[in-house]
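Reader: Can you walk me through this one? I'd like to start with a single residue and then move on to the chain contacts.

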4 protein chains.
Amino acid sequence: MARQIVIGVVGAGENARAADIRNAFALGSAIADEGWVLLTGGRNRGVMDAVNKGAKASGGLTIGILPTKDRRTISVAVDVAIITDMGSARNYINVLTSDVIVACGVGGAGTASEIALALKSGKYVVLFNSSKESGAFFKKIGRRLVMASDSVSKTIDVVRLLLSKRESARRHEQ
Amino acid sequence: MARQIVIGVVGAGENARAADIRNAFALGSAIADEGWVLLTGGRNRGVMDAVNKGAKASGGLTIGILPTKDRRTISVAVDVAIITDMGSARNYINVLTSDVIVACGVGGAGTASEIALALKSGKYVVLFNSSKESGAFFKKIGRRLVMASDSVSKTIDVVRLLLSKRESARRHEQ
Amino acid sequence: MARQIVIGVVGAGENARAADIRNAFALGSAIADEGWVLLTGGRNRGVMDAVNKGAKASGGLTIGILPTKDRRTISVAVDVAIITDMGSARNYINVLTSDVIVACGVGGAGTASEIALALKSGKYVVLFNSSKESGAFFKKIGRRLVMASDSVSKTIDVVRLLLSKRESARRHEQ
Amino acid sequence: MARQIVIGVVGAGENARAADIRNAFALGSAIADEGWVLLTGGRNRGVMDAVNKGAKASGGLTIGILPTKDRRTISVAVDVAIITDMGSARNYINVLTSDVIVACGVGGAGTASEIALALKSGKYVVLFNSSKESGAFFKKIGRRLVMASDSVSKTIDVVRLLLSKRESARRHEQ
């Protein structure tokens, strides 16, 4: 291994829609197939849990950034559990650590905070099947940092594009 | 003094509109007149700076939760500067510490992250002159926690109402 | 008010010695008499609670940086409760926010972490009635940043000296 | 992979002694040989850098918890770089995430803060070739949580023992 590419996936923990859960599993599997490390909020709920299970089904490496010290809340599909005991402040770590962030499905306030923190930090965000209101709002405040997708394969294509954009931006800085 | 009521005000640091800056000053002054402590992100920019100056003009107490150790970025109108060195993770502290949060004017990604973190934590948020997209999005994810206002006096009225709601909710818990 | 001087006091939360509790109360009172703001970890236990009560007895302003969202654990003598929900990571905020830190009495691992984080951040620490082992260890790693005292009045004298040293160092930087 | 065992290694970043650097490399290699994940503060300095290089030389997985967003400061031997932008508050994450912490050699204030935060959180700490003052102080405040060692192989033996102790304690809880 050398330095790994890390893709962060965020989405509803509670009340996730069945379609979002199915997509999360397929997305995790596709991320692992690309050889990328999967990063999530690490809990055994909703999108987080499903995307980790998908990644493990394809043999990927999964990192979870946990909000509390309660180890019973960790997804069984997380390989390395980073324990922060910092509640939702851990969302900031999630986005800084990820090379690109994918918001999978329609999330709630936690997901919104992660998208906003990502944009604040200059990170690319892919909205995969987001709500109309979410798309309109984040496109307005994030502009060129925000992309949309409506399938797992398109999401992977957009992530690949954003990784190469970022790479070329870094090369220009040097 | 006994335990103080803390009102958090968030808004654009950079690129704040002139009207939002004027409203922030008047809002800070009105918050101090109510005897509430003002809490902000503490920097010497935009809405943060103006609301602190307004509060000091009326003799209020101002607390700033700073993202970095760089003391040159602190608003001169902050009495007590809490230094976190935690970047935007300090936004989580801002919302947890505030009894009610007011988003003053049209903010960017930083403001959005604070509103989202507030809603995630079950805090009331008043959107004072927000954008149409912001109102639609946060009303959708925050429901009864989100209120809107379009003047300083209405904002103060709504905050007063929310403080009493919260108080009666706490009394029911006991 | 202008920017306030903030003195952080750390010490045992649990199992504090009776003498350390008494000294904490007197120290808080003396800090308030100097017109300094008192900062602590904010809980209703041990040295934290006593120093806040002393400060309020002399009409001082008290800020508590709390580790959890549980409001029942806040000292009644804290005026402004900063809620971090970050467990012991809040110790870093305590030391960065304080102009000088006083460790009152013989503390445990929490107190030791605050002294170490203070020294790491280049802050002055006064060990007021510390243990022999603590004095030897922190003097070794902190050198000129560590001073010792054995009474409230000497502690205040040392803090005054350190504030003036810091002030002159800042003036040289400009 | 299933849930991985994580061993945290802390030590001097600057001014590390040559012997401590050599031991750190050998320790990293031995940790990887055991199949444990290595966790450090992630920077390209001193003990952190050496222990990561040792672990990679033996094909281990290395996680770094970084204090800042500056990617130029990351050790080349870190596989997954967790970016916190939280300065020394990241030390709390280091110790919570580790199953056992090893302090390698004579460290400064940063290392002391990690040992203290570990003890505060009830984590086992192995002092491998620490100073006399450090041993005396941390043994006093940490009691049964603190063990000492004076070679890489003894350190690994002690870590193995502590992992089994912890395991049996967890089984008793259930």
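**A serine, then the interfaces**

Author: Ser98(C) sits in the loop between helix 3 (90-97) and strand 5 (100-104) of chain C. Keep in mind that this is a predicted model.

Reader: Is Ser98(C) buried or exposed?

Author: Buried. The relative accessibility of Ser98(C) is 1%, and the cut-off for buried is under 20%.

Reader: What does Ser98(C) contact, leaving aside its neighbours within four places in sequence?

Author: Ser98(C) is in contact with Val6(C), Ile7(C), Gly8(C), Leu39(C) and Lys123(C), with those sequence neighbours left out. Take Val6(C): 92 residues separate it from Ser98(C) in sequence, but the two C-alpha atoms are 5.0 Å apart in space.

Reader: And Gly8(C)? Which of its atoms lies 3.3 Å from a polar atom of the Ser98(C) side chain?

Author: The backbone nitrogen of Gly8(C).

Reader: Let's switch to chains. How many residues of chain A are in contact with chain D?

Author: 31 residues of chain A, and they meet 31 residues of chain D. The two chains bury about 2500 Å² between them. Carbon and sulfur atoms carry 59% of that area.

Reader: How is chain A laid on chain D?

Author: By a turn of 180 degrees with a shift of 0.0 Å along the axis, giving an RMSD of 0.0 Å. The two copies are therefore related as by a two-fold rotation axis. In chain A, the C-alpha nearest that axis belongs to Ile82(A), at 4.5 Å.

Reader: Why say the copies meet through the same surface?

Author: Because 100% of the interface residues of chain A are also interface residues in chain D.

Reader: Now chain B and chain A. What area do they bury?

Author: About 1900 Å² between them, with 78% of it on carbon and sulfur atoms. 24 residues of chain B are in contact with 24 residues of chain A.

Reader: How many salt bridges there?

Author: Two across the interface of chain B and chain A. Glu133(B) forms a salt bridge with Lys140(A), with the closest N and O atoms 3.7 Å apart. The interface of chain B and chain A also has two residue pairs in polar contact, both partners at pLDDT 80 or more.

Reader: Which elements give two or more residues to the chain B side?

Author: Helix 3 (90-97), helix 4 (109-120) and helix 5 (132-142) of chain B. Helix 4 of chain B gives the largest share, eight residues. The side of chain B that touches chain A has twelve nonpolar, nine polar and three charged residues.

Reader: Last one, Thr111(B). Where is it found?

Author: In helix 4 of chain B. Thr111(B) counts as buried, at 6% relative accessibility.

Reader: What does Thr111(B) touch, not counting residues up to four places away in sequence?

Author: Thr111(B) touches Val10(B), Gly11(B), Ala12(B) and Ala103(B) on that count.

Terms used
Residues are numbered from 1 along each chain as its sequence is written. Chains are lettered from A and ligands numbered from 1 in the order in which they are written. This is a predicted model: local features need pLDDT of at least 70, side-chain atom pairs count only at pLDDT 80 or more; totals for chains, interfaces and linings use all residues. Side-chain values use heavy atoms; hydrogens and water are left out. Copies are superposed by least squares on the C-alpha atoms of residues with pLDDT of at least 70 in both. Contact means heavy atoms within 4.5 Å. Buried area is the accessible area (1.4 Å probe) that two parts lose on being put together, summed over both. Helices (H or I, at least four residues) and strands (E, at least two) are DSSP runs, numbered from the N terminus. Buried means under 20% relative accessible area, exposed over 50%, partly exposed in between (1.4 Å probe, protein chains only). A polar contact is a pair of N or O atoms within 3.5 Å; within protein, one must be able to donate a hydrogen and the other to accept it, and residues adjacent in sequence count only if both atoms are side-chain atoms. A salt bridge is a side-chain nitrogen of Lys or Arg within 4 Å of a carboxyl oxygen of Asp or Glu. Ala, Val, Leu, Ile, Met, Phe, Trp, Tyr, Cys and Pro count as nonpolar, Asp, Glu, Lys and Arg as charged, and the others, Gly among them, as polar.
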